[in-house]
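Dear colleague,

I am handing over the structure below for your review.

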Amino acid sequence: MFVTTAGISERPPLQWGENVVSVAYSHPYIIVLSSDYLTVYSILDQQLKQRLTFQGGSCLDNFDGKMYVASSDIICALLPVPWEKQVQALLSDKKVTEALELAKYSNRAGLSKEQFRNVYQRIQQQAGFIEFSLLHFDEARELFHEGRLDVRELISLYPDLLPGSSSFVRMNPPLHDIGNVSEMCSFESDAVLFCRKFLLHYLESIRNSMDAAGAKIETDTALLKLYAEMDYLALLSFLNSPDIGCQPKEGVEVLHRFQRYHALALFHLKLGENDLALNIWSKIISGEYPDPFYPGLGQFVEFLSKLSDHLLLWKYVDFVLERDQKLGVRIFIERPPNEISSERLRPDFIVEYLHRFPTALIKYLEYLVFDKKLEKEKFHTHLAVMYMDNVHQILKLPEPEQTDLNDARKKLQHLLHSSSLYRVQLLLGKATESNLHKECAILYGKLEEHEKALKILVHQLQDHDAAEDYCIRMSSGRDKKYRHRLFYALLSVYLDSTLEEKKREEMLPAAIQLLNSELAEFDVSKVLQLIPSHWSVAILDQFLVRALRSSLHHRYCCRLQSALSRGENLQVKFSKIHIENTSVVMTEDR
């Protein structure tokens with residue numbers, strides 16, 4: 001029975017036979033002498049390890065580390081086999097657990113701590129390869145990690161995974177007797193596949209750890225080959241990592257062999273070979289290279305939009321624009337903010353180039369006008385003309401789609417409203433030819449010909465709300481007199497005496513509504529001169545009451561302002577008198 005100093009038994013007792021004569025201890029064994037045998041038990045697992053015939057034994061003991069046994073007529077020395085040999089014998093019998101336990105608790109006499117650690121790590125590595133040969137991958141992984149295995153020892157079992165430039169030679173004496181994985185698995189494809197998956201996962205786990213120190217090229221090359229063979233998505237993620245140690249020529253050959261073309265392009269990027277990467281991507285897009293994992297034209301455009309080599313960029317601009325103009329123009333729109341400007345990316349050069357691609361040209365001009373807010377007349381005029389031509393083309397269709405027409409005109413009207421840099425007369429002529437009345441009204445407003453603009457809105461479009469909005473919008477940010485003049489012009493259009501009597505009657509409700517509007521502002525004296533003399537006071541009641549209130553409010557505000565100004569003037573005079581009455585003493589020092 002094994003008992004600690006605290007009186008606790010932590011191990012099961014040894015079970016031995018009868019007629020025990022003597023017992024002795026030699027770490028890690030207990031030797032039992034009986035009448036006919038010498039029996040050896042291990043304290044590590046309480047199992048019988050050896051039995052020797054010895055007749056008539058009478059004494060057994062450990063004398064200063066040496067074991068002696070005696071009978072009535074003979075004394076014999078028991079010489080233990082060195083623990084290293086015992087461990088190797090157990091490993092040869094694939095008794096991994098017993099070998100490791102024996103090594104861990106063996107007598108380490110003559111070995112320093114560092115020496116024992118090295119010996120024990122080698123035993124762990126040997127045990128790991130035994131577990132690996134038995135396809136016990138979890139146990140093998142743990143032993144390789146704890147034994148600090150040089151990962152190249154493991155990779156060398158897969159001859160096709162070591163880089164051609166590697167000069168690695170296996171350890172001597174060898175850690176195992178495995179030739180290669182295929183032979184170990186008797187060329188069974190499923191078992192070989194499991195072994196390759198194990199290596200893949202093991203390399204992933206140690207790639208950035210000390211276990212892979214000094215073997216980066218071998219580790220990364222093996223990973224590249226395994227990913228290319230078994231896990232394309234993981235391969236793409238691997239190639240996006242910051243530091244890859246593969247041999248260029250070998251990496252290119254492997255990726256090409258497995259037809260991992262997008263990965264091949266990424267690998268070229270890692271090598272700084274942008275032209276080769278773009279060439280491969282272009283072949284994928286055009287269908288020459290099959291690769292379902294390539295993101296598509298959007299990724300190609302995104303890369304070009306960040307490319308600092310402008311000469312190389314222009315090599316592929318046509319290729320993109322011929323396939324998708326809206327997507328392709330992003331090459332010029334989504335440039336890095338801190339990019340150094342060049343002659344080939346000047347807006348004028350790009351606009352000139354994009355004439356063959358009208359959709360892309362419109363998008364680029366919109367970017368220049370609305371996003372970059374470049375104040376160049378030619379860009380604003382060019383965009384407006386293209387908008388107007390687009391509207392004209394839709395109108396020429398036999399059955400124009402109303403939604404498309406409305407969207408096109410809204411874009412044109414927004415530009416005409418928001419910009420003041422285009423050539424108004426040029427656009428006015430085009431708008432008049434196409435009978436774009438609302439656009440003509442906006443352009444007349446830019447020319448300060450408000451009466452013409454309002455007549456179009458009132459008589460041709462018959463949109464009284466739009467006419468009132470026109471006055472509000474055009475007077476925004478201007479003084480009150482300008483606002484009065486615009487609303488007076490609109491009222492004059494409604495009350496135009498040159499109109500036919502029937503038309504004047506139709507305009508009467510709109511005129512009254514304008515006078516009673518909360519948003520309209522008028523010079524009352526001028527309005528009263530314009531209003532026909534036969535109108536009754538009841539018609540103008542609401543307008544006159546609001547005008548009177550406004551006039552009184554303005555009068556009171558002026559009087560209040562005058563009073564405040566007089567009070568402020570008195571305070572200034574008082575301060576002046578106080579300063580004048582204050583004496584100042586001047587001395588030589590001051």
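In which sense do strand 6 and strand 7 pair, and over how many bridges? The model is a predicted one, and in it strand 6 (residues 66–71) and strand 7 are paired in the antiparallel sense over 4 bridges. Across this pairing, Ala70 stands opposite Ile75 of strand 7.

These strands belong to an open sheet of 3 strands, with the order 5-6-7 and antiparallel pairing. The edges are formed by strand 5 (57–63) and strand 7 (75–78); each has a single partner strand, so one side of each is left without a neighbour in the sheet. From one strand to the next, the twist averages 20°.

The buried residues are Leu297, Gln299, Phe300, Val301, Phe303, Leu304 and Ser305. They pack against several other helices, namely helix 11 (261–270), helix 12 (274–286), helix 14 (310–315), helix 15 (317–321), helix 16 (325–328) and helix 17 (330–333).

The last item is Glu250, a residue of helix 10 (residues 248–257). Is Glu250 buried or exposed? Its relative accessible area is 19%, and Glu250 counts as buried because the cut-off is under 20%. Apart from neighbours within four places in sequence, Glu250 is in contact with Leu162, Pro163, Gly164, Thr221 and Lys225.

With kind regards

Technical notes: Residues numbered from 1 in each chain as written. Predicted model: local features only at pLDDT ≥ 70, side-chain atom pairs only at ≥ 80, totals over all residues. Heavy atoms only, no water. Helix = DSSP H or I, 4+ residues; strand = E, 2+ residues; numbered from the N terminus. Buried < 20%, exposed > 50% of the residue type's maximum accessible area, 1.4 Å probe, protein only. Contact = heavy atoms within 4.5 Å. Pairing = 2+ DSSP bridges. Axes fitted to C-alpha atoms, helices over the stretch in contact; angles between N-to-C directions.
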